[in-house]
Amino acid sequence: MDKFIRWWNQKGARCGEKRYVTLGKAVLASLLPLACVLTYCAAQGRSLGEVYLPASQWNDELFYFKQVEGIVNYGFPQGYFGFNESHALKLSFAAWSPVLVFPWILWGLLFGWNLMSPVWCNLLLLSLCCFVYVCLVRPSWKQLGILAFLFCLYTPFVRYLLSGMPEVICFCMVIGFYSLAVSYVRAERVWKLALLFGMSGVMTLMRPYLLMFMLLPAFFWIRREKCGGWKGLLGSAAVMGVVLGLYAWVKHYLGAEYFTPLFFTDWITSFPERGFFGGIGYTVSRLYYMGKAFLGHLLQGMRTGLASGAIFGSYLVCAGILAIHCARDWMAYRRRKKDGQSGGKDLPAIEIHLAFCFVAMLFALLLMYKLTEGSKHLLTFLAAAVFVVPLMDTRFYKKAVLLGAVFAWFFSYKAVDPYDYQVPFVEEAREASLEKWREALRGELVLEREHVPGYENVVIWTFEDRVEGENVMTSWQLLYALPEGFGISCCMRDYVAENFEGLQSRYLACPTGGEIQGMCREAGYSLVYGDGELALYRLR
C-alpha cells in the first residue's frame with residue numbers, strides 16, 4: 001500500500017505534475033461531452049432520455065440502426081440492405097463498410113440494442129476518448145482550458161452525440177490517433193508505433209480517405225531507422241498495401257451498390273483518355289468550377305447559415321491556422337538547423353500532418369465528392385483540430401479565440417436550420433404511431449430463416465411518391481418498427497414503377513394515397529398494415 005501511495009504522489013517523468021493531478025484533469029475532460037449534452041437538452045427544455053431517433057430527419061440513421069440490430073440479433077441482417085434492390089455479394093450490408101459501426105456492435109452484444117443505444121455508446125466513446133487524451137498528452141491547465149473552450153463551441157459534437165450517425169466513432173478514432181502520436185513523440189516505443197498503424201488501418205477500413213493518417217506512423221518508422229530508413233519505407237508501403245487490399249475486398253464483397261457512385265474518379269480516368277496534358281487541363285477545370293461552387297456554399301453559409309457553407313468556412317479558417325503555425329515552426333526548425341542545433345525530434349510532425357490532411361481532404365472534396373454530401377466528412381478533421389490546436393504554442397490565445405469565434409458564428413448564431421442542427425426529441429404522435437406499427441407487424445412479418453440473407457426478408461422503402469399531384473416523402477421513420485433482422489431496400493419511385501411486376505422483395509412500403517399504393521391495389525396485393533402516412537404491402 002505504501003508503495004502505491006508513493007507511486008500515486010510521484011510526478012510524471014515527462015509532464016512534471018503528480019499523477020493524481022493528471023487523473024483529476026482526465027476525469028474533468030471526460031465530463032465535457034456529458035456536460036455539453038445536458039446543457040443543450042436543458043436549454044431546449046428537454047432531458048437526455050427524451051432523445052428519440054424516429055423523430056429525426058436524417059434517414060441514414062435508419063439504415064445504420066437496423067443493420068446493427070440485425071448483426072446483434074442474428075450475426076448479420078437476414079434481409080438485404082441496398083438501393084433499388086441492390087445487395088452485397090456476400091451477406092447483407094449496405095453501401096458503407098460495416099467496420100464503421102463496430103463499437104455499436106460491441107455495445108449491442110454487451111448491453112442490448114434499442115433506440116438509445118447509439119446515443120449512450122457515443123457518449124461513452126467520446127468521454128473515454130477525452131480521458132485517454134489527457135492521460136497520453138498530459139496537457140497543462142491552460143491547454144485543458146482551451147480544449148474545453150473549443151469543445152463547447154464546436155456544437156457538432158453535441159448534434160452527432162445525440163444521433164444515430166457514426167461520425168462520433170470517426171471523431172474518437174482520429175482524436176485517439178493523435179493523442180497516441182503525441183505520446184509516441186515524447187517517448188518512442190515500438191508498441192505505440194504498431195498501435196498507430198493498427199488504428200490508422202481500422203480507420204481506412206471505416207472510410208478510405210482516412211488512409212492519409214497512415215502516413216504519420218510511416219514517417220515515424222522511417223525516421224527511427226538507420227541507413228536511410230529503407231526498412232521503414234518498405235515496411236510502411238507493405239502495410240498500406242495490405243490495408244488497401246483488405247478495404248477493396250470489404251468494398252467489393254460486403255458493400256451494396258448505391259444510387260450513384262460514392263465518389264467520382266473521372267479526373268483520374270481523364271489522363272489515360274485525354275493524355276497527360278488533357279488530364280491536367282480537365283483536373284484544373286474541375287477544381288476551378290467546384291471551387292466556385294465551394295465558395296458559393298461558404299458565402300451562403302455566412303449569410304443564411306447553410307450547413308455545408310458553415311462547415312466549409314470553419315474548415316478554411318482552421319486550415320489557415322494550421323498552415324500559418326506550421327510555417328512558423330518550420331522556419332524556426334530551419335534556423336536551429338542552420339545554427340548547428342539538433343532539430344530532428346523538434347519537427348512539429350503532428351501539426352504538419354494535420355495541416356496536410358486538411359489540404360488533401362479539401363482537394364479530395366473538390367475532385368471526388370458532391371459538396372453537400374461530402375461536407376460532413378470534414379467534421380472529423382475539425383474535431384481533431386479541436387484537440388490539436390490547444391497544444392500549439394500560444395501567448396495571447398489568438399488561435400483559440402479566432403477558431404472559437406468562427407465556431408460560435410457558424411454553429412451557434414447561424415445554426416437555424418432544424419434539419420441540420422435540431423436534436424430529435426420524442427413527439428407523442430410519432431411515438432404512438434410507431435408503437436401501433438410495432439404491434440401490427442409483430443405477428444405479420446415473420447423472418448424466413450432457411451435461405452438467408454434473401455429478398456423474402458426485405459421491405460422496399462419507396463423514397464417518395466406522387467400523392468394528389470404532389471411529391472410526398474415516405475414517412476420512413478415508421479420503418480423503425482420493422483422486426484429485428486429485416487432488411488430495407490431504399491428504392492426510387494421510378495424504379496418501383498418501372499419494375500413493379502418484377503420486384504424481388506417480398507414487402508413494399510409507400511406513402512398512403514399515392515400512385516404506388518394504387519398500383520398495389522390494382523395488382524391485388526395484400527395490405528399488411530397502413531395508416532394516414534404509410535402503407536405496407538405483401539407482394540407475394
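How are α10 and α11 oriented relative to each other? In this predicted model, helix α10 (residues 190–206) packs with helix α11 (residues 215–224) at an angle of about 150 degrees, and their axes lie 9 Å apart. An angle over 145 degrees counts as roughly antiparallel, and α10 and α11 are therefore roughly antiparallel to each other. Their crossing is left-handed. On the α10 side, the contact is formed by V190, L193, L196, F197 and S200, and on the α11 side by P217, A218, F220, W221 and R224. Classified by residue type, this contact of α10 with α11 comprises eight nonpolar residues, one polar residue and one charged residue.

Helix α10 also packs with α9. The axes of α9 and α10 come within 10 Å and cross at roughly 160 degrees, which makes α9 roughly antiparallel to α10. The crossing of α9 with α10 is left-handed. From α9, the residues I169, C170, M173, V174, G176, F177, L180, A181, S183 and Y184 take part, and they meet K192, L193, L195, L196, M199, S200, V202, M203 and M206 of α10. By class, the contact of α9 with α10 has 15 nonpolar, three polar and one charged residues.

The largest nonpolar core contains 160 residues, of which Y178, F358 and F381 touch the most other members. Helix α9 supplies the largest share of this core, with 14 residues. Apart from neighbours within four places in sequence, Y178 is in contact with F213, L216, I350, H353, L354, C357, A384 and V388.

Backbone geometry was examined next. Most residues other than glycine have a negative phi, and most peptide bonds are trans. The peptide bond from V452 to P453, however, is cis, with omega near -5 degrees. P453 is placed in the loop between α20 (428–442) and β2 (458–462). Two non-glycine residues with positive phi were also identified: N84, with a phi of about 50 degrees, and E85, with a phi of about 65 degrees. N84 is located in the loop between β1 (82–83) and α5 (102–111), and E85 is likewise found in the loop between β1 and α5. With a relative accessibility of 26%, N84 counts as partly exposed. E85, by contrast, has a relative accessibility of 4% and therefore counts as buried, the cut-off for this class being under 20%.

A further residue considered was Q300, which is placed in helix α13 (residues 266–304). Its relative accessible area is 36%, and Q300 is therefore partly exposed. When neighbours within four places in sequence are set aside, Q300 is in contact with G305 and L306.

Terms used:
Residues numbered from 1 in each chain as written. Predicted model: local features only at pLDDT ≥ 70, side-chain atom pairs only at ≥ 80, totals over all residues. Heavy atoms only, no water. Axes fitted to C-alpha atoms, helices over the stretch in contact; angles between N-to-C directions. Helix = DSSP H or I, 4+ residues; strand = E, 2+ residues; numbered from the N terminus. Parallel < 35°, antiparallel > 145°, perpendicular 65-115°, else oblique. Left-handed = near helix turned anticlockwise from the far one by under 90°. Contact = heavy atoms within 4.5 Å. Nonpolar A, V, L, I, M, F, W, Y, C, P; charged D, E, K, R; others polar. Core = buried A, V, L, I, M, F, W, Y, C linked by side-chain atoms within 4.5 Å. Buried < 20%, exposed > 50% of the residue type's maximum accessible area, 1.4 Å probe, protein only.
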